[in-house]
Amino acid sequence: MTEKELGQMHYLNREIEKLNEELSWMECKSMIKSPLLTGMPFGTGVSDKTADYAVRMEEIRELIDLSIKKLLHTRAEIERFLQEIEDPELRLIIRLRSINNLGWQEIGEELGMDRRTASRKYQRFCEEKFIHNVQE
């Protein structure tokens, strides 16, 4: 486990959120348009916008499913990593930051400490635990 891996849940959650927003937008978009009456002949190309949207929506659903699987896998790895940490306060700080995706202000309020204290404890742990990554 690395410090970067501890932060991956945040980005996976954001990715899922953005994909869900795109899917919602596509589901709400009207597929019915009034006919264009120009008197001009139409081209020979055939376009089925409804089918195109349906295919894209299915692709987005598949991406969401894949991202959720990655998220669950990452969470399981972090949970295993957390079990190796002896200090329960530190374990909770890392859980709130990595799994619950809370900011330092929220973590400080949750634990009854200043946000900088929580941040320093996290950073100190990461520096000690992942020192080999810093040296490389």
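In which helix is S67 found? S67 is found in helix α3, where helices are DSSP runs of H or I with at least four residues, numbered from the N terminus. This is a predicted model, in which local features need pLDDT of at least 70 and side-chain atom pairs count only at pLDDT 80 or more, while totals for chains, interfaces and linings use all residues. Residues are numbered from 1 along each chain as its sequence is written, and side-chain values use heavy atoms, leaving out hydrogens and water.

**Residue S67**
- S67 has a relative accessible area of 4% and is therefore buried (buried means under 20% relative accessible area, exposed over 50%, and partly exposed in between, with a 1.4 Å probe and protein chains only).
- Apart from neighbours within four places in sequence, S67 is in contact with L12, E15, I16 and L19 (contact means heavy atoms within 4.5 Å).

**Helix α2**
- Buried residues of α2 are M9, L12, I16, L19, L23 and M26.
- These residues cover an arc of only 115° around the axis, so they are on the same side of α2 (the arc is that of the directions from the helix axis to the C-beta atoms).
- The buried residues of α2 pack against α1 (3–6), α3 (49–83) and α4 (88–99).
- Y11, W25 and C28 are exposed on the other side of α2.

**Cysteines**
- C28 counts as exposed because its relative accessibility is 68%, whereas C126, at 2%, counts as buried.
- The whole structure contains zero disulfides (a disulfide is a pair of cysteine sulfur atoms within 2.5 Å).

How values were computed:
Helix = DSSP H or I, 4+ residues; strand = E, 2+ residues; numbered from the N terminus.
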